[in-house]
Amino acid sequence: MNDDGELPAGVERRTIGGRERLATRGEPVSGEPTDGEWRAWDPSRSKLGAMIDFGMDVGLTGGEHALYLGAAAGTTVSHVADFAGPTYAVEFAPRPMRDLLDVAADRDRLFPLLKDARRPETYAHIVESDLDVVVQDVATRGQAAVAIRNARFLSEDGRLLMAVKARSEDVTAEPSDVFEDVRSELSDEYRILESQRLEPHHTDHLGVVATPR
Ligand SMILES: C[S@@+](CC[C@H](N)C(=O)[O-])C[C@H]1O[C@@H](n2cnc3c(N)ncnc32)[C@H](O)[C@@H]1O
């Protein structure tokens with residue numbers, strides 16, 4: 001934990017480009033503003049960034065061993081790898097994976113895996129067990145099922161930090177109904193500690209903090 005109390009060590013609110021922004025220390029990945037050493041972590045481009053910016057109790061203190069599901073080109077997982085320990089980044093689409101490999105070239109704690117998060121048995125031999133945190137942002141149908149299948153990697157008091165995109169489950173349903181269904185499905189495997197909608201940064205998304213039962 002850093003001096004701000006609520007933020008993990010390695011995450012700070014710093015003045016960059018004339019205004020206070022969430023920031024981590026590392027090489028920029030997509031032209032984000034920096035103060036030379038720290039780079040801005042934009043909550044409107046990152047659901048985990050929004051969860052932290054909103055003050056959700058994500059339970060991160062820095063140095064966590066992490067699994068990140070839905071890494072895409074690395075916008076968010078690069079920030080995680082800036083403050084966490086070993087960070088395994090699962091992405092199943094080859095195109096963003098190419099960019100993620102470039103991002104990982106500057107980060108010796110970031111391990112990209114071209115894998116399907118619905119099939120954790122295909123990376124269970126690479127990823128550590130007893131992880132401190134699983135971050136999930138897959139924006140696909142069956143988001144609760146993905147989280148449940150990957151619970152196997154978490155330690156007893158580990159955290160799931162999950163973004164749920166309502167429209168990926170059902171474009172026609174009321175997002176609040178989708179979120180209720182996802183929370184209910186997750187409850188088989190997880191105790192939900194907190195959940196909060198991520199507007200205005202992310203429309204029709206829910207941030208969930210949970211721990212294994
Ligand atoms: C919303 S984007 C993630 C953005 C990223 N988390 C960030 O903030 O930088 C969702 C990503 O999840 C990936 N994805 C969806 N289903 C997946 C699966 N079953 N396994 C691995 N990746 C998946 C997609 O290819 C896409 O790149």
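Modeller: Start with the make-up of the shell around the ligand: eight of its residues are nonpolar, four are polar and six are charged. Keep in mind that this is a predicted model. In total, 18 residues surround the ligand. Tyr68, Thr76, Glu91, Ala117 and Asp137 are the closest.

Now look at single atoms. Threonine 76 places a polar side-chain atom 2.6 Å from an oxygen atom of the ligand. Alanine 117 uses its backbone instead: an N or O atom there lies 2.8 Å from a ligand nitrogen atom. Aspartate 137 brings a polar side-chain atom to 2.8 Å from a nitrogen atom of the ligand. On its own, the ligand has 600 Å² of accessible area, and the protein covers 85% of it.

Next, the sheet. Seven strands form an open sheet with mixed pairing, in the order E6-E5-E4-E7-E8-E10-E9. Strands E6 (110–114) and E9 (190–197) each have a single partner strand, so one side of each is left without a neighbour in the sheet. On average, neighbouring strands are turned by 15° against each other, direction ignored.

Helix H3 (residues 94–105) packs on this sheet. It touches strand E5 (87–91) and E6, and its direction makes about 165° with that of E6. Helix H6 (residues 175–186) lies across strand E8 (154–165), E9 and E10, at about 160° to E9.

E9 and strand E10 (residues 205–212) run antiparallel, joined by seven bridges. There, glutamine 196 stands opposite glycine 207 in E10.

Note on methods. Residues numbered from 1 in each chain as written. Predicted model: local features only at pLDDT ≥ 70, side-chain atom pairs only at ≥ 80, totals over all residues. Heavy atoms only, no water. Pairing = 2+ DSSP bridges. Helix = DSSP H or I, 4+ residues; strand = E, 2+ residues; numbered from the N terminus. Axes fitted to C-alpha atoms, helices over the stretch in contact; angles between N-to-C directions. Contact = heavy atoms within 4.5 Å. Near = heavy atom within 4 Å. Polar contact = N/O pair within 3.5 Å; in protein donor to acceptor, adjacent residues only side chain to side chain. Areas by Shrake-Rupley, 256 points an atom, 1.4 Å probe, with all protein chains shown as cover. Nonpolar A, V, L, I, M, F, W, Y, C, P; charged D, E, K, R; others polar.
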